[in-house]
Amino acid sequence: MLTLSPFRLRPWFRTRIWGVQNLAPWYDYKVGDEPIGEVWLSGDDCIVDNGPLAGQKFSAVFDQHREALLGPEYADAERFPLLMKVLFPKEKLSVQVHPGDAMAREHGEQHGKTECWYALEAEPGAAVALGLRPGATREEVQAAIQSNALEELLQWVPVRKGDMIFVDAGTVHAIGPGVVLLETQQNSDMTYRLYDYGRPRELHLEEGLKAVRLQTDAGKVEPRTNGKKTLLVQSSYFRVDRYALSATNVAEEFSLHKQNGSEFGGVQLIFVASGSGALQSKGEAPIPLRRGDLAVVPACVTDWSMVSTEPMEILRVLPQ
Ligand SMILES: [Zn+2]
């Protein structure tokens with residue numbers, strides 16, 4: 001039962017009114033009439049791209065191989081714990097807020113949504129809105145929404161390439177144009193839109209205002225580098241590390257089992273931020289990976305490594 005090999009997931013391209021017409025150099029995808037704003041990397045509907053499970057939906061792999069994929073501690077999980085996306089905003093995204101776990105459960109969902117953004121690209125002047133200005137009250141937020149002035153109550157934070165930004169549930173937030181972000185979030189559908197710059201999409205004011213916390217822990221996270229590995233963020237839901245793989249044909253060990261000595265290492269999500277190479281595991285064909293690809297290494301896989309054919313930057317995401 002515990003036999004599952006690493007696999008690459010095929011990205012799922014989602015149309016968004018704030019998106020772009022061209023995803024180069026990240027994805028070789030022909031955008032139709034409607035712009036693409038989100039590329040889902042680990043969505044329930046993403047398709048396995050290689051190996052014995054090729055053609056299956058990620059949700060089906062989760063349903064049939066939960067323990068091999070995630071380890072025994074996730075036996076009662078209803079869905080894969082994390083959703084990863086690449087965001088391509090050409091215009092501002094709506095100002096929104098996600099509920100925490102407690103409020104989500106009141107609405108019949110298992111999880112709220114805490115998330116983080118890693119800046120894969122950032123143009124000069126790019127910024128995100130993270131939380132309310134100090135001292136702002138709930139009444140002021142409500143009044144600002146009604147007078148179309150919510151943007152002025154938000155703290156705008158400049159973004160540079162390589163920044164990691166933590167956005168905990170309850171933080172009012174928005175993403176501006178000029179960035180490409182790798183988003184890692186709790187796999188939850190719960191988003192309340194508070195303000196949309198006059199665009200005709202639905203708002204969720206009552207629930208949204210309830211979900212807003214006036215003060216949160218959101219902000220840029222200081223990276224901690226130790227050799228080739230940099231810890232970008234650690235929260236109760238996810239941990240993200242960045243690895244710099246040097247020169248050509250250098251194999252790097254990512255085995256969690258070797259690091260913590262336990263039988264189960266937990267699932268690992270491997271995203272290629274630059275360069276290209278292959279993921280190798282014992283007895284399996286190498287899985288080629290290039291910029292923008294996501295590979296899933298199931299918890300039951302004990303022995304694997306990355307082989308770079310050129311310098312690579314890899315982000316490894318672990319559910320916590
Ligand atoms: Zn969000």
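**Close-up views of a predicted two-domain model**

**View 1. Strands β7 and β10 sit side by side in a sheet of domain 1 (7-220).** Strand β7 (residues 115-122) and strand β10 (residues 164-167) run antiparallel and are joined by four bridges. Across that pairing, Glu 115 stands opposite Val 167 in β10. A word on the names: helices (H or I, at least four residues) and strands (E, at least two) are DSSP runs, numbered from the N terminus. Two strands count as paired if DSSP finds at least two bridges between them. Bear in mind that this is a predicted model, where local features need pLDDT of at least 70, side-chain atom pairs count only at pLDDT 80 or more, and totals for chains, interfaces and linings use all residues. Residues are numbered from 1 along each chain as its sequence is written.

**View 2. Seven strands make an open sheet.** The order is β2-β3-β5-β12-β7-β10-β14, and the pairing is antiparallel. β2 and β14 stand at the edges with a single partner strand each, so one side of each has no neighbour in the sheet.

**View 3. Lys 220 belongs to edge strand β14.** The strand covers residues 219-220. Lys 220 has 18 other C-beta atoms within 10 Å, which makes it partly exposed. (Buried means 20 or more other C-beta atoms within 10 Å of a residue's own, exposed means 12 or fewer, and partly exposed is in between; C-beta atoms are placed from the backbone.) Leaving out residues up to four places away in sequence, Lys 220 touches Val 157, Asp 163, Met 164 and Ile 165. Here contact means that the C-beta atoms of two residues, placed from the backbone, lie within 7 Å. Take Met 164: it is 56 residues from Lys 220 in sequence, yet the two are 5.7 Å apart in space, C-alpha to C-alpha.

**View 4. A second open sheet has eight strands.** Reading across, the order is β4-β1-β22-β19-β24-β17-β16-β15, with antiparallel pairing. The edges belong to β4 (47-48) and β15 (224-226), each with a single partner strand, so one side of each is left without a neighbour in the sheet.

**View 5. Strand β22 pairs with both β1 and β19.** β22 (residues 294-297) pairs with β1 over three antiparallel bridges. In β22, Val 296 is the bridge partner of Phe 7, and Ala 295 is the bridge partner of Arg 8. Strand β19 (residues 268-274) pairs with β22 over four bridges, again in the antiparallel sense. There, Ile 270 has Ala 295 as its bridge partner. As for side chains, Leu 294 and Val 296 point one way from β22, while Ala 295 and Val 297 point the other way, and all are buried. In a regular strand the side chains alternate between the two faces of the sheet.

**View 6. Domain 1 meets domain 2.** The protein is divided into domain 1 (7-220) and domain 2 (224-319), with bounds that come from an automatic or database domain assignment. Taken over C-alpha atoms, the domain centres are 23 Å apart. At the contact, 26 residues of domain 1 touch 26 residues of domain 2. On the domain 1 side, the elements giving two or more residues are β1 (7-10), α2 (66-70), β5 (82-87), β7, β10 and β12 (179-186). By class, that side has 19 nonpolar, six polar and one charged residues. (Ala, Val, Leu, Ile, Met, Phe, Trp, Tyr, Cys and Pro count as nonpolar, Asp, Glu, Lys and Arg as charged, and the others, Gly among them, as polar.)

View 7. Domain 1 and domain 2 each give the core at least three residues. (A nonpolar core is a set of buried Ala, Val, Leu, Ile, Met, Phe, Trp, Tyr and Cys residues joined through C-beta atoms within 7 Å.) Setting aside neighbours within four places in sequence, Tyr 118 is in contact with Met 164, Leu 181, Leu 182, Leu 232, Val 240 and Leu 315.

View 8. Asn 148 is in the loop between α4 (138-146) and β9 (154-158), and it is exposed, with 11 other C-beta atoms within 10 Å. The loop between β13 (192-195) and α5 (205-211) holds Tyr 197, which is partly exposed with 15 C-beta neighbours inside 10 Å.
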